[in-house]
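Please read it alongside the sequence and coordinates.

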Amino acid sequence: MLIIEQKPKQLMTEDALTTFPDECCGFIFGAEDANGDRLIQKITVVDNSKAGDKTRRFEIAPLDYLKAEQYADDNGLTLLGVYHSHPKHPPIPSETDRMAAQPWFSYIIISTLDDRTTHFRSWRLNEEEQFEEEKIADYQFT
Amino acid sequence: MATVIIPTPLRKFTNNTARLETKASNIHETVEELTLNFPDLKKHLLDDKGRIRSFINIFVGNDDIRNLQQENTTVQDGTIISIIPAIAGGISIKK
């Protein structure tokens, strides 16, 4: 299960909407508990470095990946995965997404049907290297 | 010794170790040592032909080994070797 705090969800929503109709992307950080449940506490917005058509593809530069690992270390967080948007398409991973996907990472996909509406879903690779949906739970203040 | 930094998604294959020391003298030896010590890493680092997977970048310092001497790139005491997964994707282009 994935729980997203309000602030990172707001920042991902803003990124997806302001980047529309291009794909946005970034990293998600937080903690994983003993049950494997994940809490997203921070995100970093990263430039989509894909050359050419960014409405259908995203790419994160290797040095931006290194910065994300460093950010996690510096802030006592775990780099839990990646988010990106699917403009005008459902938040379902494509074969392109699967081919590049890493084990263990959570992949949040944000569907942006227009410049106002978003829909979040999250996915993780299983042992057969196929995506399985990871339930996103509402964040509750305690 | 050189230091290899394991990316977070692959640490489950290295007993959650983030940094490993190596006496290897080049990248080929480094990868060979890693896959011998952590066999479950192999399929994530190498393709069916034993070459470094296209979705894996290896940097020596801030330089991609593709711009150096590929797997023959030498490493020395104090060298930082980073294994960096390619992060990419997007919507299906099928119509």
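Which residue with a positive phi follows H2(A)? In this predicted model, H2(A) is followed by A:Gly76, whose phi is positive, near 65°. Helix H2 of chain A, residues 62-74, has 13 residues, which at 1.5 Å a residue should span 18 Å, and its end C-alpha atoms lie 19 Å apart, which agrees with that expectation.

Chain A contains an open sheet of eight strands with mixed pairing, in the order S8-S7-S6-S5-S2-S3-S1-S9. Strand S8 (131-134) and strand S9 (136-137) of chain A stand at the edges, each with a single partner strand, so one side of each has no neighbour in the sheet. Strands S6 (residues 106-112) and S7 (residues 118-125) of chain A run antiparallel and are joined by six bridges; A:Thr112 has A:Thr118 in S7(A) as its bridge partner.

| Helix | Strands of chain A | Angle |
|---|---|---|
| H1(A), residues 6-19 | touches S1, S2, S3, S5, S6 and S7 | about 35° with S3(A) |
| H2(A) | lies across S2, S3 and S5 | about 135° to S5(A) |

The largest nonpolar core has 48 residues, and those with the most contacts inside it are A:Cys25, A:Phe27, A:Ile28, A:Val82, A:Tyr83 and A:Tyr107. In soluble globular proteins, nonpolar side chains tend to be buried together. Leaving aside neighbours within four places in sequence, A:Val82 is in contact with A:Cys25, A:Phe27, A:Ile28, A:Phe105 and A:Tyr107, and also with B:Ile87 of chain B.

Note on methods. Residues are numbered from 1 along each chain as its sequence is written. Chains are lettered from A and ligands numbered from 1 in the order in which they are written. This is a predicted model: local features need pLDDT of at least 70, side-chain atom pairs count only at pLDDT 80 or more; totals for chains, interfaces and linings use all residues. A nonpolar core is a set of buried Ala, Val, Leu, Ile, Met, Phe, Trp, Tyr and Cys residues joined through C-beta atoms within 7 Å. A residue is buried if 20 or more other C-beta atoms lie within 10 Å of its own, exposed if 12 or fewer, and partly exposed in between; C-beta atoms are placed from the backbone. Two residues are in contact if their C-beta atoms, placed from the backbone, lie within 7 Å. Helices (H or I, at least four residues) and strands (E, at least two) are DSSP runs, numbered from the N terminus. The expected span of a helix is 1.5 Å times one less than its number of residues. Two strands pair if DSSP finds at least two bridges between them. Axes are lines fitted to C-alpha atoms, for helices over the stretch in contact, and angles run from 0 to 180 degrees between N-to-C directions.
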